[in-house]
Each structure stands twice: as C-alpha cells, then as structure tokens.
Amino acid sequence: MTRIFNDPADFADEALAGFCDAHSDLVRHVEGGAVRRGRTATPKVAVITGGGSGHYPAFAGIIGPGFADGAVVGNIFTSPSAQQAYSVAKAANSGAGVVFSYGNYAGDVMNFGMASERLNAEGIPTENVLVTDDIASASPEEIEKRRGIAGDFVVFKVMGAAAEAGLDLHSVVRLGRKANEFTRTIGTAFSGCTFPGAEQPLFRLPEGQMGLGLGIHGEPGLFDTELPSAVELGQELVRRVLAEPPASDSTRLAVILNGLGSTKHEELFVLWRTVAPLLREAGYTLVMPEVGELVTSLDMAGASLTLTWLDEELEQYWTAPALTPAYRRGAVGFDVASADADEADVDALTAADYSSTEASRAYAAQCLRAVDTTTALLRDSESLLGDMDAIAGDGDHGRGMVRGSAAALEAAAVAFERGAGAGSLLAAAGDAWADKAGGTSGVLWGAGLRAFGERLGDAETPTPDVLAQAVRAFADRIASLGKAEIGDKTMMDALLPFASSLEDRISSGTVAEDAWAAAAAEATTAAASTAELRPLKGRARPLAEKSIGTPDPGATSLAMVFAAVGPHFTAVPVPATN
Ligand code: ADP
Ligand code: MG
C-alpha cells in the first residue's frame with residue numbers, strides 16, 4: 001500500500017519532481033520526463049527509455065553516463081504520450097540520432113512510434129527497440145508478442161554502454177535487439193499492488209498462494225499455486241527459464257534476480273542461494289549478477305529471474321561502467337560538457353490561429369457539448385470500467401478515459417473560446433486526450449478524434465454523409481494504429497459495426513438522428529457480445545481465459561459514449577444570430 005501522497009492524481013508528477021531534485025547532479029527535469037544533466041561534448045546516440053511510473057528504478061533511475069540519456073515518464077502503469085516522448089527526445093538529442101527502448105506494450109508502441117515519425121520527419125533519425133523478455137506472456141511461436149519486464153534493464157544497459165562508447169545509431173540498435181533476443185525472464189507474485197489512494201489492491205492472491213508469470217503492471221499470474229519453499233521456488237524459476245534458451249551456445253550469463261517492490265533483499269539473497277548453484281551446475285558462468293530491485297511494480301511482492309546469454313560484445317557492454325541515481329558500476333570518467341541545454345530547446349507548441357465559418361462555429365458548439373457529455377458520462381462510469389479492465393487487464397481503463405476526456409474538454413473549451421470551427425475543436429480535443437489519458441485506449445481515442453475532426457473541417461455544417469465519413473475516418477485511424485480486427489476483443493468490435501451501420505442507414509435515407517441511435521444500439525449489443533471472446537490484442541491477451549465472460553472494457557466505453565453523443569452530432573445546428 002502507498003501511504004505517502006497528496007492528491008493521488010499528482011503522485012507520478014510529484015515523485016518525478018522529487019527524484020529530479022534529489023539527483024540534480026545527474027538528471028534534469030524536462031517536459032515529459034527527465035534527461036541527463038549536461039550533454040557530452042561530442043554527439044552521441046541518445047538512448048531513451050520509458051514507460052509508466054511505478055517501476056522505479058525503471059526508468060528514470062538509470063539516467064546517467066554509461067546508461068540512459070533520458071526517460072519518458074508516464075502516469076502510474078500508463079504509457080507516456082507521444083508528445084512527452086517527442087519532448088524528451090528533443091532535449092536529449094545531441095546530433096547522433098535517438099533510440100527509444102521500452103517494454104512491448106501496445107500503448108508504448110503506438111506513442112513512441114508516433115513520436116519517432118515526427119522526429120524522423122524533422123531529420124532526427126529515430127529507432128525503436130522493443131523488449132520482449134517475459135516468457136510467460138506468449139508462447140515461443142509468438143515470441144514477438146511477449147511483453148517486456150525486468151529484461152528491460154539488460155537491453156537498456158547494453159545500449160547505454162554502446163552509445164557511450166561512441167557507436168553509431170545502427171550499431172546501438174543492433175546490439176539492443178541482440179540483447180533482447182538473448183534475454184529470458186520469468187516472474188512470480190506473492191501479493192498485489194495498490195495505486196496511491198486506491199482502497200483495493202489491483203489484484204489479490206489468497207494468503208499462502210503465489211501467481212506464476214506475473215506482469216509488472218499487476219496483471220495477475222497465468223496460474224496460481226501454493227507458495228513453495230525458497231528452494232522449490234528457485235528450482236522452478238531456473239527450470240522454466242532454462243527450458244527456453246535462445247539460439248546461443250554461450251555459457252556466460254548476465255543474471256538479474258529482481259524484487260518487485262516489497263520483497264526484501266534478504267529474501268532475494270535466500271533465493272539466490274538456490275538459483276546461482278543451479279545455473280552453475282547447468283554449466284554457466286555468471287557474469288556480474290544483480291540481486292535487487294531493478295524493475296518494480298509499485299508495492300507488489302514477488303521476484304523475477306532474468307538471464308541473458310552473453311556473447312563477447314554483449315558482455316563488454318553489460319560489464320561497462322555506469323553512473324546513475326539508482327545504479328553504479330565500475331569507474332567512470334566521462335566527458336560531460338557543462339553547456340546545459342535549456343528547456344527552450346523543445347519547440348513550444350504554437351497556439352493555433354483559427355479560421356472558421358459561422359456555420360462551423362455553430363456546429364462546434366454542439367461538438368463541445370458532445371465532449372462535455374462524454375466527460376460527465378465517463379466520470380460516472382469510472383469504477384465500472386476500471387473493474388471490468390481489472391479482470392484481465394490492469395484496471396486503469398476507467399481512470400484513463402476520465403483523464404483523457406477531461407483534458408479533451410478543457411482543450412475543446414479553449415479552442416472554442418479562440419474561435420475554432422468544429423474540425424479544429426475536435427482535433428485539439430483529440431490531441432489533449434492522447435497526451436493526458438495514457439494507456440492504449442487513450443492514444444487510440446485521441447488519434448481517432450483528431451481524424452474525425454479533420455474530416456469535418458472548419459467550413460461546412462456536416463451533411464449526414466460527411467458525418468458518417470468522419471466516423472469512418474475515426475475507425476480507420478484507430479485500425480491503422482492498433483491493427484486490431486473484428487473478433488480480437490477490442491473497441492473495434494463495437495466501433496466497426498457502428499461505422500458500417502451508420503453508413504448503411506444514412507445512405508438508405510434514414511434521418512441522421514435515427515440512424516445514429518440505431519447504430520449505437522448495435523454497437524451496444526456488439527460490445528456486450530465481446531464477453532464471449534478471447535482477447536487477441538492488448539494487455540488482456542496473456543490472460544485470455546480470465547477475460548472470457550466479461551465484455552471488453554474499451555468496447556463497452558466506446559458504445560456508451562457513442563450512444564450518448566448522438567443527439568449532439570446529429571442535431572441541425574442553429575447559426576448564432578448577431
Ligand atoms: P491499457 O490496455 O494500455 O491499460 P486501457 O485499459 O485504457 O489501456 O484500454 C484497454 C482497451 O483498449 C481494451 O479494452 C481494448 O478495447 C482497447 N485496445 C487495446 N489494444 C487495442 C488495439 N490494438 N486496437 C484497438 N483497441 C485496443
Ligand atoms: Mg488497462
């Protein structure tokens with residue numbers, strides 16, 4: 001349980017601010033996260049890690065010479081936004097390119113991906129290295145679907161050292177991917193973790209039980225079993241990881257025995273007493289093993305075992321010196337220029353100038369009301385959606401939708417005040433939603449809303465046809481980012497039937513209001529039917545069995561929102577009279 005906090009909503013930001021102050025010799029607070037204080041005199045590849053908060057020392061704790069150049073810091077257990085990733089990259093870039101590295105979670109993949117598109121378009125070469133070490137999260141046949149857990153640390157360490165040694169972007173990326181390919185982790189949890197201010201833990205394990213194969217976001221284990229003795233646990237972890245060796249004949253291993261947040265170091269050392277001899281008996285030499293907290297999960301109790309099969313170059317970078325707030329190894333004599341990049345380096349978002357017609361302004365007023373309705377509805381549904389997401393996901397869907405829609409409403413109101421037409425108003429709302437919501441659904445809703453607005457434009461009152469096309473643009477954008485299909489148990493299962501039904505009804509002459517209401521009813525039915533499906537995309541996928549019987553939270557919220565906003569989008573606007 002987390003006991004020290006003010007407003008729970010500010011917890012991640014306040015923790016980051018405190019961290020940056022305490023370690024101001026090494027790190028500097030920037031918009032979206034933190035970067036290394038002082039740039040090297042010669043350009044080097046900027047290695048930027050990131051993800052949600054709650055995993056300290058991952059990710060900001062490993063910023064410093066020999067390790068990361070920056071960390072993008074999201075809310076607790078939530079992906080940072082594309083805007084945050086972009087901003088940290090701009091602050092950390094010293095002219096030799098950027099590599100984003102993070103665990104394989106849909107929200108992170110999309111947000112870092114979008115930031116990379118933007119950086120590349122500006123001429124800053126940017127690459128992404130995903131970590132997929134968790135052997136419990138997908139089968140060997142679907143290895144690319146595995147999520148990243150404590151193996152993050154090895155991949156970041158290798159890339160950080162390689163970049164420090166002056167290797168170019170291509171080589172740093174190649175080494176990172178190789179480190180990931182040769183890394184395997186299995187985790188186990190003994191108790192859940194609790195968000196600051198939350199009354200209930202994210203999940204519970206019965207006393208005396210442990211969950212094998214946990215994720216670092218409190219996703220419950222793949223199966224639960226009686227709590228074994230330390231020796232039995234050590235044997236189980238070693239047996240499982242060694243059963244899945246990568247294609248390497250190396251007998252040298254980097255080893256991490258990681259605590260999840262509230263497991264004592266002493267307990268880990270007791271476990272190590274079993275793990276180390278078993279690995280040595282299997283013929284391995286253990287190279288600079290780490291026993292401690294490197295990638296945590298709030299106050300979860302549990303441990304994970306990570307092995308990386310080292311070849312010569314991986315070993316060179318694994319053992320290289322590093323100096324960071326949470327992790328120090330060897331002697332460092334780094335070339336750090338005193339010239340401190342100031343925060344103005346990051347392009348300020350310029351305030352948009354709007355040009356819109358009277359007709360579009362009248363419709364924009366209705367769009368604003370639609371966003372207002374959405375925000376109120378989601379606020380009332382927060383716990384329902386959160387509980388639904390906690391069954392097989394991480395329980396944050398309600399909170400993310402509330403945060404996203406509240407930010408969207410604020411941005412929409414400002415845009416309206418400044419004269420935005422309907423299209424610009426919704427695009428601004430979408431950008432704010434994506435920036436503040438966090439999570440997979442936040443990126444998708446934000447990008448979809450922007451596409452919706454772009455189709456509406458700022459000139460005309462949309463005809464029913466245009467409205468249907470805007471909904472289709474919303475769906476297409478989400479499909480291209482999320483790559484989910486019908487039946488994958490995502491929001492697409494409600495959205496695609498909605499979009500098709502609206503198109504059909506409008507093209508056959510039904511009035512917009514009735515067409516929308518009927519399409520929303522179909523989306524509601526489709527969302528409810530997702531209860532029977534097994535999730536094939538997103539965080540819930542590894543826990544597919546647990547999800548059966550519960551509808552998809554993203555499909556549920558989408559159907560609710562679409563049903564509620566119909567009257568605003570379909571009413572014929574009354575132009576303002578002067
Ligand atoms: P996170 O999964 O990052 O915690 P949320 O809990 O806010 O994000 O949202 C979860 C919802 O996001 C799921 O219920 C599902 O509807 C939707 N979702 C997840 N992955 C995808 C995807 N690839 N495409 C479309 N929707 C997705
Ligand atoms: Mg979630």
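**Salt bridges, helix packing and a magnesium site**

Let's start with a salt bridge: Arg 252 pairs with Glu 315, and their closest N and O atoms are 2.7 Å apart. Arg 252 belongs to strand β10 (residues 252-259) and Glu 315 to helix α8, so this pair ties together parts that are 63 residues apart in sequence. The model is predicted, so local features need pLDDT of at least 70 and side-chain atom pairs count only at pLDDT 80 or more, while totals for chains, interfaces and linings use all residues. Residues are numbered from 1 along each chain as its sequence is written, chains are lettered from A and ligands numbered from 1 in the order written, and side-chain values use heavy atoms, leaving out hydrogens and water.

**Salt bridges**

- You'll find 21 salt bridges in the structure (a Lys or Arg side-chain nitrogen within 4 Å of an Asp or Glu carboxyl oxygen).
- Back to that opening pair: Arg 252 is partly exposed at 33% relative accessible area, whereas Glu 315 is buried at 18% (buried is under 20%, exposed over 50%, partly exposed in between, with a 1.4 Å probe and protein chains only).
- Asp 311 and Lys 178 also join their side chains in a salt bridge, at 2.5 Å from N to O. Asp 311 sits in the loop between β12 (301-309) and α8 (312-318), and Lys 178 in helix α5 (residues 169-181), so this pair ties together parts that are 133 residues apart in sequence.
- In that pair, Asp 311 is partly exposed, with 25% relative accessibility, while Lys 178 is buried at 16%.
- Glu 142 and Lys 145 make a salt bridge through their side chains at 2.9 Å, N to O. Glu 142 is partly exposed at 30%, and Lys 145 is partly exposed too, at 35%.
- There's a salt-bridge network as well, linking Arg 36, Lys 44, Asp 69 and Glu 164.

**Helix packing**

- Helix α9 (residues 358-392) packs against helix α10 (residues 397-417) at about 165°, and their axes are 7 Å apart (axes are lines fitted to C-alpha atoms, for helices over the stretch in contact, and angles run from 0 to 180 degrees between N-to-C directions).
- α9 and α10 are therefore roughly antiparallel (over 145 degrees; under 35 is roughly parallel, 65 to 115 roughly perpendicular, the rest oblique).
- α9 passes α10 in a left-handed crossing (the near helix is turned anticlockwise from the far one by less than a right angle; clockwise is right-handed). The contact between α9 and α10 involves 14 nonpolar, six polar and six charged residues (nonpolar: Ala, Val, Leu, Ile, Met, Phe, Trp, Tyr, Cys, Pro; charged: Asp, Glu, Lys, Arg; the others, Gly among them, polar).
- Helix α14 (residues 492-507) and helix α15 (residues 512-529) pack at about 155°, with axes 8 Å apart. They are therefore roughly antiparallel, and the crossing of α14 and α15 is right-handed.

**A covered helix**

- Ten of the eleven residues in helix α2 (residues 82-92) are buried, leaving the helix mostly covered (helices are DSSP runs of H or I, at least four residues, and strands runs of E, at least two, numbered from the N terminus). Among the buried residues of α2 are Gln 84, Tyr 86, Ser 87 and Lys 90.

**Magnesium site**

- Asp 389, Asp 394 and Asp 396 coordinate the magnesium ion (ligand 2) through OD atoms at 2.1 to 2.3 Å (donors are N, O and S atoms within 2.8 Å of the metal, or 3.2 Å for Na, K and Ca; water is not among the atoms, so sites may look incomplete).
- Along the chain, the donors of the magnesium ion (ligand 2) are spaced as D-x4-D-x1-D.
- Asp 389 is buried at 11% relative accessibility, and Asp 394 is buried at 2%.
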